[in-house]
Amino acid sequence: MDVARAKTDDTGKATLVWVATIKPRVYSTYLVCEGLSGYEEYSKHIQITIGKGSTVITCPYENIRAEYTDYLSISSYPLTDDEEPIAGETPRFYLSINAQK
Amino acid sequence: MNINGKAEITVKCDFLLENYSVVVHGCSGYYQEANGTLTLVIEPEKLEILNIVITPERLVVGDELIIAITVGENDKNIVYVAGAEASMFINGTRVDVQTTDVNGKAGFRWVPRSPSPYLIRIVAEKDYYEQTSQTIRRTVYGALRLIPVTLIIPAIAALLLVAYMVRKRKKRHITQLQENS
């Protein structure tokens with residue numbers, strides 16, 4: 001997969017700013033200099049590890065009282081460590097008495 | 001989970017009355033595991049006698065008193081409670097027990113034997129529900145009744161007949177006395 005391209009600056013440095021939205025795992029990455037006039041092609045292998053994002057789950061109501069047979073809505077907000085909402089994930093809700101599910 | 005990152009579930013609290021912990025567990029391929037915890041206390045639902053109909057309005061000894069009740073939950077939306085035990089107490093003594101049907105209805109019948117003011121108490125109860133009751137005061141009157149019209153006419157006719165016969169006999173007696181003199 002061709003991720004991105006960057007051009008060298010006056011100091012000969014090519015910088016790539018890339019948002020890692022691919023699945024967290026260890027990736028083998030190749031930096032390739034190619035198609036340079038007057039220079040041979042060169043490639044270098046590096047390893048990039050994309051870790052899972054940190055999350056915090058907040059519940060707006062932490063103490064709920066309900067009466068038998070009532071219908072009750074329980075909400076939760078998983079957020080990233082930057083407090084950004086996370087859409088499209090499915091948290092599980094477990095009910096327990098004395099820590100037994 | 002929606003676009004704002006809010007995940008919501010709706011649960012019917014028809015499990016045992018207890019204190020529960022709700023653990024929200026998030027885990028996916030892209031984010032680290034995280035837990036959120038909240039406490040949930042399930043309390044007994046409150047029963048309510050939604051409707052009570054008592055007939056007749058005026059109660060006389062020997063008449064049958066009929067009480068019809070409807071039992072439900074004391075929530076905004078009407079939810080009838082089936083299988084509740086409904087009891088009728090007269091002056092503190094339980095005289096009848098009924099069970100509410102699917103529409104929360106139950107009925108009682110009672111025939112008072114003596115005139116008196118009575119305290120009638122209806123109690124509805126069910127497991128996991130808070131008991132409810134209603135007390136009504138009713139006076140039972142003595143069995144003094146008006147004579148029916150069907151009896152009045154023959155009675156008057158009989159009286160008139162007796163009066164006519166007495167008068168006729170008296171007349172005959174006077175005639176006989178006159179003849180003898």
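Which loop of chain B is Tyr128(B) found in? The legend of Figure 1 has the answer.

A note on all views: this is a predicted model, in which local features need pLDDT of at least 70, side-chain atom pairs count only at pLDDT 80 or more, and totals for chains, interfaces and linings use all residues. Residues are numbered from 1 along each chain as its sequence is written, while chains are lettered from A and ligands numbered from 1 in the order in which they are written.

**Figure 1. Tyr128(B), a loop residue with positive phi.** Tyr128(B) is found in the loop between E10 and strand E11 (129-130) of chain B. Strands here (E, at least two residues) and helices (H or I, at least four) are DSSP runs, numbered from the N terminus. Phi of Tyr128(B) is near 70°, a positive value in a residue other than glycine. Most residues other than glycine have a negative phi, and most peptide bonds are trans. Tyr128(B) counts as partly exposed because it has 16 C-beta neighbours inside 10 Å. The cut-offs: a residue is buried if 20 or more other C-beta atoms lie within 10 Å of its own, exposed if 12 or fewer, and partly exposed in between, with C-beta atoms placed from the backbone.

**Figure 2. Glu83(A), a positive phi in chain A.** Look for Glu83(A) in the loop between E5 and E6 of chain A. Its phi is near 60°, again in a residue other than glycine. Glu83(A) is exposed, since it has 9 other C-beta atoms within 10 Å.

Figure 3. Thr55(B) and Pro56(B) are joined by a cis peptide bond, with omega about -5°. Pro56(B) sits in the loop between E4 and E5 of chain B.

**Figure 4. Ile48(A) on strand E2 of chain A.** Chain A comes to 0 helices and 6 strands, and buried residues make up 10% of its 101 residues. Ile48(A) belongs to strand E2 (residues 42-49) of that chain. With 13 C-beta neighbours inside 10 Å, Ile48(A) counts as partly exposed. Leaving aside neighbours within four places in sequence, Ile48(A) is in contact with Tyr27(A) and Thr29(A); contact means that the C-beta atoms of two residues, placed from the backbone, lie within 7 Å. Ser28(A) is 20 residues from Ile48(A) along the chain, and their C-alpha atoms are separated by 6.4 Å.

**Figure 5. Where chain A meets chain B.** Here 42 residues of chain A are in contact with 43 residues of chain B. Strands E3 (55-58), E4 (63-67), E5 (71-80) and E6 (92-96) of chain A each give two or more residues to the side that touches chain B. E5(A) gives the most, with 9 residues. That side of chain A divides into 22 nonpolar, 12 polar and 8 charged residues. In this count Ala, Val, Leu, Ile, Met, Phe, Trp, Tyr, Cys and Pro are nonpolar, Asp, Glu, Lys and Arg are charged, and the others, Gly among them, are polar.

**Figure 6. Strand pairing between the chains.** E4(A) runs parallel to strand E3 (residues 34-43) of chain B, and 5 bridges join them. Two strands pair if DSSP finds at least two bridges between them. Within this pairing, Arg65(A) has Val41(B) as its bridge partner in E3(B).

**Figure 7. Tyr20(B), with contacts in both chains.** Tyr20(B) lies in strand E2 (residues 19-26) of chain B. With 20 C-beta neighbours inside 10 Å, Tyr20(B) counts as buried. Beyond its neighbours within four places in sequence, Tyr20(B) is in contact with Leu95(A), Ser96(A), Ile97(A), Leu40(B) and Ile42(B).

**Figure 8. An open sheet in chain B.** Its 5 strands have the order E5-E12-E10-E7-E8, with mixed pairing. Strands E5 (59-60) and E8 (93-99) stand at the edges, each with a single partner strand, so one side of each is left without a neighbour in the sheet. E5(B) and strand E12 (residues 132-141) of chain B run parallel, joined by 2 bridges. Val60(B) stands opposite Tyr141(B) in E12(B).

**Figure 9. Val71(B) and the largest nonpolar core.** This core has 24 residues, and Val71(B) is one of those that touch the most other members. A nonpolar core is a set of buried Ala, Val, Leu, Ile, Met, Phe, Trp, Tyr and Cys residues joined through C-beta atoms within 7 Å. Leaving aside neighbours within four places in sequence, the contacts of Val71(B) include Leu47(B), Ala84(B), Ala86(B) and Ala124(B).
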